[in-house]
Amino acid sequence: MAHEYLIVETENNVMTITLNRTDAGNAINIPFAKELFEAALSATHDSEVDVVVIQSSGKAFSFGGDLKSFSDAGDKIDSSLKEVTTYLHNATSLLARMKKVVIASVNGTAAGAGLSLLCACDLVISSDKAKFTSAYTNVGLTPDGSCTYFLPRLIGLRKTQELLYTNRVLSAQEAADWGIVTQVVAANELQQKTKELADKIANGSTSANGTTKKLLSSSFLDRLDSHMALESDSISDMTVTADGKEGIAAFLEKRRPNFSN
């Protein structure tokens, strides 16, 4: 599938989606959001993909929504925003719900919807040069892209309120300390460390990782007893899968498991 604003490549069961609108800081307009949705949909249904990496070219991860393109819509600015968020939100939903681990690799500034996008990912590895900010209320707008859903769950309500109301800029280490970022690495090691992390997860049990992701997602909606019932059903079901049998056998035989994926 040809893309104008993304580079999509798959190698060794890892799909890499590179945000590639460098002349605009990877700002998200309607075509960009549509391409992101199409890439997420492809990853969801591609049986050869076990892990998805979202990274960017240029100096920024993403500056968020493309305010110039919205302004150019004139009197139709509200419908333009509705269209871009429809594609963006569907892409975000697919990334959050797919049975594949999604890794954000952040090389530079993640602002607005760029911040929201990485919050919907399962793991975030960041360059030590990256910065993170909401920026929505700075321009008189409100958050989108899942920001007000995932941030309170990741860092708590009070820190979310501070980020959204003050538009505080976090360094990579601060973002890690707060719980937005999983790991901070030197800028010149980001690509290699991201590959190592993606390959490690891709070599694991895709079915176990996918089911674990589903359990984590549903945990915010369940009561304790009902959620533990889901855990019981899941681990019981996994024992009779190929990966479950192989994992147990490998442990008992003191060898590395060879998961089917």
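Contact, as the word is used here, means heavy atoms within 4.5 Å. The model is a predicted one, in which local features need pLDDT of at least 70 and side-chain atom pairs count only at pLDDT 80 or more, whereas totals for chains, interfaces and linings use all residues. Residues are numbered from 1 along each chain as its sequence is written, and side-chain values use heavy atoms, with hydrogens and water left out.

Helices (H or I, at least four residues) and strands (E, at least two) are DSSP runs, numbered from the N terminus. T92 is buried, with a relative accessible area of 5%, where buried means under 20% relative accessible area, exposed means over 50% and partly exposed lies in between, for a 1.4 Å probe and protein chains only. N90 also has its place in helix 3, which covers residues 77–97, but N90 is partly exposed at a relative accessible area of 39%. Beyond residues up to four places away in sequence, N90 touches F37 and T85, and the side chain of N90 reaches the backbone oxygen of T86 at 2.7 Å. The C-alpha atoms of N90 and S62, which are 28 residues apart along the chain, are separated by 18 Å.

Six strands form an open sheet in the order 1-2-3-4-6-9, and the pairing is mixed; two strands pair if DSSP finds at least two bridges between them. At the edges are strand 1 (6–11) and strand 9 (183–185), each of which pairs on one side only, and the twist from one strand to the next averages 20 degrees. Within this order, strand 2 (residues 14–19) pairs with strand 3 (residues 51–56) in the parallel sense over six bridges, and L19 stands opposite S56 in strand 3. Strand 3 is largely enclosed by the rest of the structure, because five of its six residues are buried.

N12 lies in the loop between strand 1 and strand 2, and its phi is near 55 degrees, a positive value in a residue other than glycine. Most residues other than glycine have a negative phi. N12 is exposed, with a relative accessible area of 52%. K254, in the segment after helix 11 (242–252), likewise has a phi near 55 degrees, a positive value in a residue other than glycine, and at 77% relative accessibility K254 counts as exposed.

The other loop runs between strand 3 and helix 2 (67–72), and G64 has its place there. At 0% relative accessibility, G64 counts as buried, and, not counting residues up to four places away in sequence, G64 touches N26, A27, I28, A111, G112, A113 and G114. The C-alpha atoms of G64 and A110 are separated by 7.3 Å, although these residues are 46 residues apart along the chain.

Strand 5 and strand 7 (residues 131–133) pair in the parallel sense over two bridges.

The last part of this account concerns a helix pair. Two packed helices are described by the angle between their axes and the distance between the axes. Helix 9 (residues 206–218) and helix 10 (residues 224–238) have axes that come within 11 Å and cross at roughly 175 degrees, the axes being lines fitted to C-alpha atoms, for helices over the stretch in contact, with angles from 0 to 180 degrees between N-to-C directions. This crossing makes helix 9 roughly antiparallel to helix 10, a term for angles over 145 degrees, while those under 35 count as roughly parallel, 65 to 115 as roughly perpendicular and the rest as oblique. Helix 9 contributes S207, A208, T211, L215 and S218 to the contact, and helix 10 contributes H227, L230, E231, S234 and M238. These residues divide into four nonpolar, five polar and one charged, where Ala, Val, Leu, Ile, Met, Phe, Trp, Tyr, Cys and Pro count as nonpolar, Asp, Glu, Lys and Arg as charged, and the others, Gly among them, as polar.

Key:
A polar contact is a pair of N or O atoms within 3.5 Å; within protein, one must be able to donate a hydrogen and the other to accept it, and residues adjacent in sequence count only if both atoms are side-chain atoms.
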